[in-house]
Amino acid sequence: MTTLLVIAKEPRPGRVKTRLTPPFTPEEAAALAEASLADTLDVVARTPARRRVLVLEGTPGPWLPPGFEVVRQCAGGLDERLAAAFAGCEGPALLIGMDTPQVTPEVLTVDFADCDAYFGPAVDGGFWALGLAKPDPALLRGVPMSTPRTGAAQRARLTGLRVRELPPLRDVDTAYDAELVARAAPDGRFAAELARLAGVAR
């Protein structure tokens, strides 16, 4: 069975979702980040897995459901932190972030039979998911992160492997992203929090 990894930041004002500010305040952006993280963890909790690991920068809060191991993120750039997350795994592992609350257990239920890797491209040119049948940190180290070419660079690292593509998803980075993601998952905490903030603004 697969290990499911979620890499995330503690949703603290001024530390998360800074591109949502403005139009949201840092406190509102953190509330949206917390809702996104809670939705993501709920989906992972409902997905069959051998282990569920939260790779966290910060301290766990009441948003953390039972059944998760919590591992502190290492120092360094995002490529190093992703590499370290995989380094802590034995056997197949699938890693996602906290920015796609619209993901579903069906999408995350992967099968590595006759497959070496899974790749989930993000709409902004990055990637939202990476799965490796044999976790190899070297496949991530040195990949330039947070650029429009990040997804292409990471996908190129998988050349020679048997790769299955996951559906493209939109990360929540901007207020525009937030609106579209909330529409894609209208019953989640994220959509409810965005609607609450819109009501407050009115």
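Residues are numbered from 1 along each chain as its sequence is written, and side-chain values use heavy atoms, with hydrogens and water left out. Because the model is predicted, local features need pLDDT of at least 70 and side-chain atom pairs count only at pLDDT 80 or more, whereas totals for chains, interfaces and linings use all residues.

The structure contains 2 aromatic pairs, where rings of Phe, Tyr and Trp (its six-membered ring) pair if their centres lie within 6.5 Å, and planes under 30 degrees apart count as stacked, over 60 as edge-to-face and the rest as tilted. In the pair of F112 and Y118, the ring centres are 5.1 Å apart and the planes stand at 85°, so this pair is edge-to-face. F112 and Y118 are both buried (under 20% relative accessible area, with exposed over 50% and partly exposed in between, for a 1.4 Å probe and protein chains only). The pair of F119 and F127 is tilted, with 5.8 Å from centre to centre and 35° between the planes. Both F119 and F127 are buried.

Turning to the cysteines, the structure holds 0 disulfides, a disulfide being a pair of cysteine sulfur atoms within 2.5 Å. For C89, the closest cysteine sulfur is that of C74, at 13 Å, which is too far for a bond. C89 is buried, at a relative accessible area of 9%. For C115, the closest cysteine sulfur belongs to C89 and lies 16 Å away, again too far for a bond. C115 is likewise buried, with a relative accessible area of 2%.
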